[in-house]
Structures are given as structure tokens and as C-alpha cells.
Amino acid sequence: MSHNTFGHLFRVTTWGESHGPALGCVVDGCPPGIPLTAEEIQVWLDQRRPGQGKFVTQRQEPDAVKILSGVFSDERTGGQVTTGTPISLLIENVDQRSRDYSEIATAFRPGHADYAYFAKYGVRDYRGGGRQSARETAARVAAGAIARKILGEGVTVRGALTQIGPHAVDRDRWDWAQVTENPFWCPDAQMVAVWEEHLEKVRKAGSSTGAIVEIEAVGVPAGWGAPIYGKLDAELAGALMSINAAKGVEIGAGFAAAAFSGEENADEMRSGNDGPVFLSNSAGGILGGISTGQPVVARVAFKPTSSILTLRRSINEANAEIELRTKGRHDPCVGIRGTPVAEAMTACVLADAFLRHRGQTGGGAFEPGQAGRR
């Protein structure tokens, strides 16, 4: 088992390496009849694309996606739609600089997966990390675009960067409208300047810093997920933890709930016209592994990028002690471009949960946009 596939009914298999000719994914399980074009996928890839500012990697990749299979342009309907067969997506790599990594061909970079990969496989692609590179997440974002089409307009998945290094947003100033108005996905307009100053110091020092991304999915109806081994929060946590550099995930109140009393943690309910009205959301929209109809809320913590210019102690493949610095083009804070990736993974989990729920409880033929119906 190579573990390059995730999902159950909505299954995504990614392939490719950082410095290979291309990367991509195969999406299987997408229902037929959904309008889908490369342009609709490209919109989301452009949000993750590198080289769009001084606070992200300067690798210049257009990340132009091509749909190789799984769609058909039907003159009778006047548009291109999915056919229900595997959708193959390709993204070419056009700006590799493998020479940047020649000095670490036999060295293990501290904080990277170099040693772990070598210990497992006995061989590794040292050029940008090969398969372990975050370049792989471009394919995830492409798959997430298809997942969003399955969910339709009834479910909205959005993300925000809530902390960079020690600097966290003020939740009293939280405004989702601000997220798309700055390059940091920041919901607190006053924090943008603070993050810019912090990242400028980090970047000039050749260092890096961590971050926290918060994801909210609005419009998820009650009933998705399953108890015990198919819990929606477990699936979501696993998907977010699978993102490169992710080191922690929490749902709803998360770790803060450990300090709550039972009274504080319980999300009280009152009667509403369309079902219960919750007075709080400590559960993050999921109870017993099943969605409650409230917004699904999750946070993922990203470690600082391990590729830094500061000399670090390590060893090489011959077990000799060395000191090395990592050259190349790297993000000083992976959380910035990690935000659209976390959104995509959440969308994939929710699309899979929707299709599994429909398969178990019925619902007839698939209709685009029906996911958000209660």
C-alpha cells in the first residue's frame, strides 16, 4: 500500500514530485452531469500559486491545470460536464532549479522528512524533497475545486490565517470580508501590518515562522458523518494533518475545552423554525462524529518551514556529523499558501461525507447543489 489515495466514495489519488515534469491527481467518484471546466479549477489554484509576493516562495509556477479525462462537451446541453468516470488533472512544473539542492544530495536536512524517507525506502529524491514536497498540495487544491462543485452553493468552505508566529488576530475585530482584501487571508485588518513587519524580519534573516489556519464550513446539514470509525471530525482531522508541515488539529473549542466546565462546554439548544438553535458551538458543528447543522469549524497549526539559511547540525547518509543550510526558494511561512490547501482538504472531506450519507440514507439521483439542503 503506497497511501497516495484518500477518501471513500470521493477518492483522490495524487502523483508527481516537486522537480519532476508534472504533478497531478485522479479524482474518482465524482457524480456525472456536473458542469466543470479547467477555468473553474484554475480559480482556486491561483490562490495557492507560488511567486505572488515577497512573503511566499519565489518559484514561478503558473500551475495551469489541464483536464485529461472524465468530462464531455455535449452540444445538446451546451457545456462541458462530468461523465462519472475518473477525472485526471495535470499541472506541469516549469520552474525547477534542482541545482539548488546538489549540496544536500546525501545530507539529511533537520526538520525535514529526508531521514525518515531514507530509512523507509532506502532512496530519496533530494531535489526539493521530491514527493514529500508541499508542491504536491497543488493537486489537492485542484481536487478541492471539484469537491466544491459537488457541494454546490449550499455549502461554503472558507479559511482564514489567525496567527503568524506569536501574533494572533483579535477575534473582536474578526471580519470575513477582510480575508480576501490582503495577501495573508487575515480577518483582522489591524493585524496585517504587524504580520508584514514580523515576516520581513524573518525573511531577511533567512529563517521561518509558524502559523495557525482556521477553516469554517457553513451550510453543512445535520447528519453527515458516522459514529465510531467514520466520524466526520476524525476524517477532517486526518485530512488536515496530512498537509505538509501540519503539526496539530483541533475541532471547535479544541484544546481549550480541557479548561471548560461541563456547563461551559455544553452547546445549549432552543427551538427554531427549521430545527434546533444552538446557543454556542464548542463542538465545532460535530457531535458523535455526525454534523449538527452548525458551522463546521477546525484549526490546523503549521510548523515553521524547515528550509532555513541558518547553519544547523545534522548527519549524512554515511552517518557523519555535518552542518548545513538549506538553499533554494522557500516560504518563510507555509500557513499563507496553506490556507487554500486546508480549504480544499475540508471540501474533499465534506464532498465524500455527503456522497456517503446519500448512499446510506437514500436520496435518489444526484442533483448539483443538493448538498446544502436540509
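**Close-up 1. Phe108, Tyr115 and Phe118 make up one aromatic cluster.** The model shown here is predicted. A search of the whole structure turns up six aromatic pairs. One of them joins Phe108 and Tyr115 edge-to-face. Phe108 belongs to the loop between strand E7 (87–92) and helix H2 (114–121), while Phe118 is in helix H2, so the pair ties together parts that are 10 residues apart in sequence.

**Close-up 2. Accessibility within the aromatic cluster of Phe108, Tyr115 and Phe118.** Tyr115 reaches 52%, so Tyr115 counts as exposed. Phe118, at 24%, counts as partly exposed.

**Close-up 3. Two charged side chains sit over aromatic rings.** Lys120 lies over the face of Tyr121. The distance to the ring centre is 5.5 Å. Arg148 places its charged end over the ring of Trp44. Here the distance to the centre is 3.7 Å.

**Close-up 4. Helix H1 (residues 38–48) crosses helix H7.** Two packed helices are described by the angle between their axes and the distance between the axes. The axes of H1 and H7 come within 7 Å. They cross at roughly 145°. From H1, the contact takes in Trp44, Gln47 and Arg48. From H7, it takes in Arg337, Pro340, Val341 and Glu343. Three of the residues in this contact are nonpolar, one is polar and three are charged. Trp44 is also the residue whose ring lies under the charged end of Arg148.

**Close-up 5. Five strands form an open sheet with antiparallel pairing.** Strands of a sheet pair through backbone hydrogen bonds, either parallel or antiparallel. The strand order is E9-E8-E10-E16-E11. Which strands lie at the edges? They are E9 (167–168) and E11 (246–251), and each pairs on one side only. Further in, strand E8 (residues 156–164) runs antiparallel to strand E10 (residues 211–218). Eight bridges join E8 and E10. Leu161 stands opposite Val213 in E10.

**Close-up 6. Helix H7 (residues 334–361) packs on the sheet.** H7 touches E8, E10 and E16. The direction of H7 makes about 150° with that of E8. Helix H5 (residues 232–241) lies across E11 and strand E16 (296–302). H5 runs at about 155° to E11.

**Close-up 7. Ser207 sits in the loop between helix H4 (191–204) and E10.** Is Ser207 buried or partly exposed? With 30% relative accessibility, Ser207 counts as partly exposed, because that class begins where buried, under 20%, ends. Leaving aside residues up to four places away in sequence, Ser207 touches Val202, Ile308 and Pro332. How far is Ser207 from Phe72? The two are 135 residues apart in sequence. In space, C-alpha to C-alpha, they are 47 Å apart.

Notes: Residues numbered from 1 in each chain as written. Predicted model: local features only at pLDDT ≥ 70, side-chain atom pairs only at ≥ 80, totals over all residues. Heavy atoms only, no water. Pairing = 2+ DSSP bridges. Helix = DSSP H or I, 4+ residues; strand = E, 2+ residues; numbered from the N terminus. Contact = heavy atoms within 4.5 Å. Axes fitted to C-alpha atoms, helices over the stretch in contact; angles between N-to-C directions. Phe/Tyr/Trp six-rings, centres within 6.5 Å; stacked < 30°, edge-to-face > 60°. Buried < 20%, exposed > 50% of the residue type's maximum accessible area, 1.4 Å probe, protein only. Lys NZ or Arg CZ within 6 Å of the ring centre and 35° of its normal. Nonpolar A, V, L, I, M, F, W, Y, C, P; charged D, E, K, R; others polar.
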